[in-house]
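I opened the model to look up a few local features and some helix packing. My notes follow in the order I took them.

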Amino acid sequence: RASMSTDAALTALARGLVSTRILGNRKNSVEPAWQHSQRVAQSLEKHGFSSDVILAGWLHDLIEDSDPQHPVTLEDLAALGFSDRTVALVDLATHSSSTDHAQKLTQRQKDQRWVRMLERLDAAADADAWAVKLADVTDNLRGCHVMPTDRQMVFYQLKAPVYLELSAGLLGQSSLYAELLEEFVTGARRLGLSLYRDLLSS
């Protein structure tokens, strides 16, 4: 019972952080940006992941996307009472530290930052960290239809295929992986891509 009470308190804290520190709307949408984090957490809960992983889902964008005037760090999360496991998962699922708030990144720098995150995820071989990213990109695929076609292609020709390939050994038999794969195939068909056939036959 105490554990359930603690989980509820941390969930409320996580929701409060993302709803007040992640400002603005999602790209090409009027939806508040922080609601993406809520859906990622709900997906992880639906697929049976632990409270540490669900909380990491809530917090996965907080370090890189928090208000530059009030940035949140991994150290802040630990001080607020989130477990070492949750903080470690947020670290693995985060593109970069909050020091990036101090500078305007070029697209090339953002791409390099994403590659470095992938390298850390791959080296860690942590199924829970990959789960956070799979839930993340699944929700991104569902919402990217409002983006310009070239941005949609980034998700369908690069991000989703990379996540599916690199996480297959750890999560390939999971319901979360199957959900991302289904979303990827549906979107690829909508865009007229044949890439999904290559992925399914590999």
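I started with Ala125. Its relative accessibility is 46%, so I put it down as partly exposed. For this I used a relative accessible area under 20% for buried, over 50% for exposed and anything in between for partly exposed, with a 1.4 Å probe and protein chains only. Ala125 sits in the loop between α7 (107-124) and α8 (127-143). Helices here are DSSP runs of H or I with at least four residues, strands are runs of E with at least two, and both are numbered from the N terminus. I checked the backbone next: phi of Ala125 is positive, near 50°, and the residue is not glycine. Most residues other than glycine have a negative phi.

A note on the source: this is a predicted model, in which local features need pLDDT of at least 70 and side-chain atom pairs count only at pLDDT 80 or more, while totals for chains, interfaces and linings use all residues. Residues are numbered from 1 along each chain as its sequence is written, and side-chain values use heavy atoms, with hydrogens and water left out.

Then the overall make-up. I find 11 helices and 0 strands in the protein chain. Of its 202 residues, 45% are buried. I also looked at contacts (heavy atoms within 4.5 Å). Among those between residues at least 6 apart in sequence, 66% join residues at least 24 apart.

Next, Lys110. I located Lys110 in helix α7. It counts as partly exposed, because its relative accessibility is 36%.

I moved on to helix α10. It covers residues 175-190, and for its 16 residues at 1.5 Å a residue I expect a span of 22 Å; the end C-alpha atoms are 23 Å apart, which agrees. The expected span is 1.5 Å times one less than the number of residues. The buried residues of α10 include Leu176, Leu180, Phe184 and Ala188, and also Glu179 and Glu183. After the helix comes Gly192, with a positive phi near 75°.

What does Glu183 touch? Leaving out residues up to four places away in sequence, I list Thr138, Leu141, Arg142 and Tyr156. The Glu183 side chain makes a polar contact with the Arg142 side chain at 3.1 Å. A polar contact is a pair of N or O atoms within 3.5 Å; within protein, one must be able to donate a hydrogen and the other to accept it, and residues adjacent in sequence count only if both atoms are side-chain atoms.

How do α8 and α10 pack? Their axes come within 9 Å and cross at roughly 25°. I therefore call α8 and α10 roughly parallel. Residues making the contact include Leu134, Thr138 and Leu141 of α8 and Leu176, Leu180 and Glu183 of α10. Axes are lines fitted to C-alpha atoms, for helices over the stretch in contact, with angles from 0 to 180 degrees between N-to-C directions. Angles under 35 degrees count as roughly parallel, over 145 as roughly antiparallel, 65 to 115 as roughly perpendicular and the rest as oblique.

Last, α9 (residues 149-171) against α10. The angle is about 155° and the axes are 10 Å apart.
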